[in-house]
Structures are given as C-alpha cells and as structure tokens.
Amino acid sequence: MAIPALGVVILDDKRYPATSAGYAVTAEGGRRINRLSDLASGVVWYTSVGYTEFKRGQLYKQSNLRGDQLLRCSMSSIIHEIGLEYAPIPEQAEAVFKVFQEIAGYLETNLGWNGKVFGRLDWYLNNFLGIAARQAAGSPLITAARNAHEYMTPAMVQSNPDATSRTYIAPRIPYLQALMTLPVPHLRADWTYQPLSGQADSNRLVAEGGLGSFFEVSISDIDPDLAVVAPFAARQSTDSDPRVWCALPEAMFYADRSNLVVRGVWRPSRVESLGEQLTAASANGMKLVPDCDFSYSAGLIAESLLYAILGTTSGDKPATGREPVAAYVAAHDRLMMIRHAQKVYDAGYTPMSSACGGRLVVSLPAMAIADLDSLCQEMGLEAPMTGS
C-alpha cells in the first residue's frame, strides 16, 4: 500500500496547538492556516508540536495528525542544524517538508511503512535489530553494561546569553559506516567475571580484559579542564553515586589521563564486528545503512539507526541482550566527540554538549562563527548548511 500524502505544519505558537495559526506544506505547495482544523483530512500532517503538548492537547485523537518526532530529533532541532532558526516560518516549513518526504520514502521502501502508525524512525529500526536476550534485566552483566552506557547526550554548560549556539556534526553516513568495523561483544558470547585490584594503565587493561571487555573502575587526579568535556570525569568528582563501569576503549582513555584503579572485569568469550551483527539483522533485504545517498535526509536515517543500536539500556526495561553492544558503540561515539570538544575548548570556545550521533554544540560570539566553522571543518565536522 502506498503511503498517504504527507504534509508538514509549523505553528506560530506550538504551546497552544489547537488554536495557533501556522504554515502548512505539501507536495502541491504551501499556505497559511488559521488553525489545525483547516488542514486537509486526506494528508498525514507532521506538526511542530512536541510530545508533551501533543498529548496534553489530545491531538492523537485526530488520526491524520502527528507530533514533530518522526525522527529521533525534533523538528526544531532539524531547523537549528541546517541553520534556519532565524528564517521565516514558510522557509523553515519548506525545508523540513523535503527532509520528511525523503525519509517517508525510505520507510515505505525498506520497512513497508504506510504512514498510519505513530512512532519514530529509530523505534522502527530497533524492531528490525531483534531481541537477543540471554541475560535477565537484573543480571550483574546487564547492570554493568547499562552503567557503562550512560551519558549518551551530556549537557555540560548553558549558553552565554550574549552568545549564539551552533551545531556541528560528524558526516553521519561515513561515520556509521566506519562503526561497522568496530569490534563489539558477540550477541551469543559467554561472559566471565574476575575481580581485580590496583592501578591500571592501558597495557594492563588490554592484557587483562581484551576486546569486548568491561572494567569496574574509579578515577582521580584528572585534569580539571578535561572534566569540562569528559562527563565521566565530571560525575566521578560530583556525584554521590558515580558511574563505575567502562568499556575497554573508554577505560584506556581515562587510564592515560588520570589515576585509574580497577576492581573487576567482565570478559566475553568472543567478539564480532558491528557490521556482522547488522548483516544478520538485515538478512531480509532491508538496507539498514544508507550506502550511496549522502543527502541530509539519509544522514538522519543513519543517525536513527545509531540510536536504535544505542537505545537498549534503560534500567526500567527488560534486557534485550544488546546492552553490551550498545555500551561499546556509545563509548566509541563519546570518545570521538570528547576529543573534538577538547580541541574546541582549547581554542577558546565553549562546548555546550557533545556525544551520540557525532554532534557537537558550541556557544560562541556571532563574530567568531567563520573561525569556528573553519576549525571544525579541519576536524572533519560539518557546519550547518545555512546561517553562516
């Protein structure tokens, strides 16, 4: 069944969605509307209304209305990322419509989506990854993996009111393709735990853990400046319930920059590349990883797949068995962005947040945009497409 006609609506005031005027766009063009009731009934409309307001206004009772999160990120985040946050609403709506239209085509082609189901792209993709549970949610291994997975999207500082913020991203498709070679714990691995003690450096961690391992650690004596961009370090020094588990790469990172003491290690019996796991998940012919389309929309699909891989570790949910894999992917993602954030910080700018999906948000004076764009592009990051 073909997907129904798709539309995008950006409201003037999304806090009051039932009564706000706005601008609506379909494939036939755009127009002003006085309120949502003016919208055509034969179109599935993605609105700029967030989850809370959508639920409070009971807009879900209208079968052709959707909130702003077909994607994991909100409509406002997309507008910010492409640099149109100060553009007129019609221009914003036209740009978002093109993105949503392309992604709806991906959903239809690869997932048999008909536009009638509520949900986000990363939730759909998560269903195709399957459940591989061998461990109960309360098992020590799952607890360790969930603890190691924390800080997916750390917010480190607030923006200076006299500054602007700017979002830089790692090119999503090349980044996701690079992740395919990452060694991760095998979904059917047997795990063993061994107590350890004493200070450890990178060599000891590799020798006593090996690929796919998790270490129980504590850290101290880390450079205070590094704590600004490294959330593990910040929490170790401020939280009464500190994070204590690390995937091997992250443990090595802190071992080289602090006094790291180990207390134990979980070791898997075997590892495999992330690409091998996803190949098994897409054996039905679905293309999980965009491999030739480098458009912005394809990049958002790649990011949604990354979040589908990562979104398995909430402590109030049953175990999927993919928690150790998610923790390893999150550690790789986090380390890459910490290194980028450190370079930005050393150059005199203020990183506001980093990690997960290769995104770095920086607070800076408007006059410094060109200089920071140049620095981030040298690091391999992409500046917003407009708004320079």
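This is a short tour of a predicted model, stop by stop, with something to select each time.

Before you click, note that residues count from 1 along each chain as its sequence is written, and that side-chain values use heavy atoms, with hydrogens and water left out. Because the model is predicted, local features need pLDDT of at least 70 and side-chain atom pairs count only at pLDDT 80 or more, while totals for chains, interfaces and linings use all residues.

**Stop 1: helix α12**

Select residues 296-310, which make up helix α12. Helices here are DSSP runs of H or I with at least four residues, strands are runs of E with at least two, and both are numbered from the N terminus. From its first C-alpha to its last, α12 reaches 21 Å with its 15 residues, close to the 21 Å expected at 1.5 Å a residue. That expected span is 1.5 Å times one less than the number of residues.

Is α12 enclosed or exposed? It is largely enclosed by the rest of the structure, because 15 of its 15 residues are buried. "Buried" means under 20% relative accessible area, "exposed" means over 50%, and "partly exposed" is in between, with a 1.4 Å probe and protein chains only.

**Stop 2: the salt bridges**

Eight salt bridges are found in the structure. The term means a side-chain nitrogen of Lys or Arg within 4 Å of a carboxyl oxygen of Asp or Glu. Side chains of opposite charge can pair when their charged atoms come close.

Start with R32 and D12, whose side chains meet at 2.8 Å, N to O. R32 sits in strand β3 (residues 29-33) and D12 in the loop between β1 (5-11) and β2 (22-26), so this pair ties together parts 20 residues apart in sequence. R32 is partly exposed at 47%, and D12 is partly exposed too, at 41%.

Next, pick D373 and R166, a salt bridge with its closest N and O atoms 2.9 Å apart. D373 belongs to helix α14 (residues 369-378) and R166 to strand β6 (residues 164-169), so the parts they tie together are 207 residues apart in sequence. D373 is buried, with 7% relative accessibility, and R166 is buried at 5%.

Now go to E250 and R334, where the N to O distance is 2.8 Å. Which helices does this pair tie together? E250 lies in α10 (residues 248-255) and R334 in α13 (residues 323-346), parts 84 residues apart in sequence. E250 is buried at 0%, and R334 is buried at 2%.

**Stop 3: Q342**

Stay on helix α13 and select Q342. At 18% relative accessibility, Q342 counts as buried. What does Q342 touch, leaving aside neighbours within four places in sequence? It is in contact with D225, L226 and V229, where contact means heavy atoms within 4.5 Å.

**Stop 4: two residues with positive phi**

Most residues other than glycine have a negative phi. Select D221 in the loop between β9 (214-220) and α8 (224-229). D221 is not a glycine, yet its phi is positive, at about 60°. With 67% relative accessibility, D221 counts as exposed.

Finish at Q58, in the loop between α1 (51-56) and β5 (65-66). Here phi is near 55°, again a positive value in a residue other than glycine. Q58 is partly exposed, at 38% relative accessibility.
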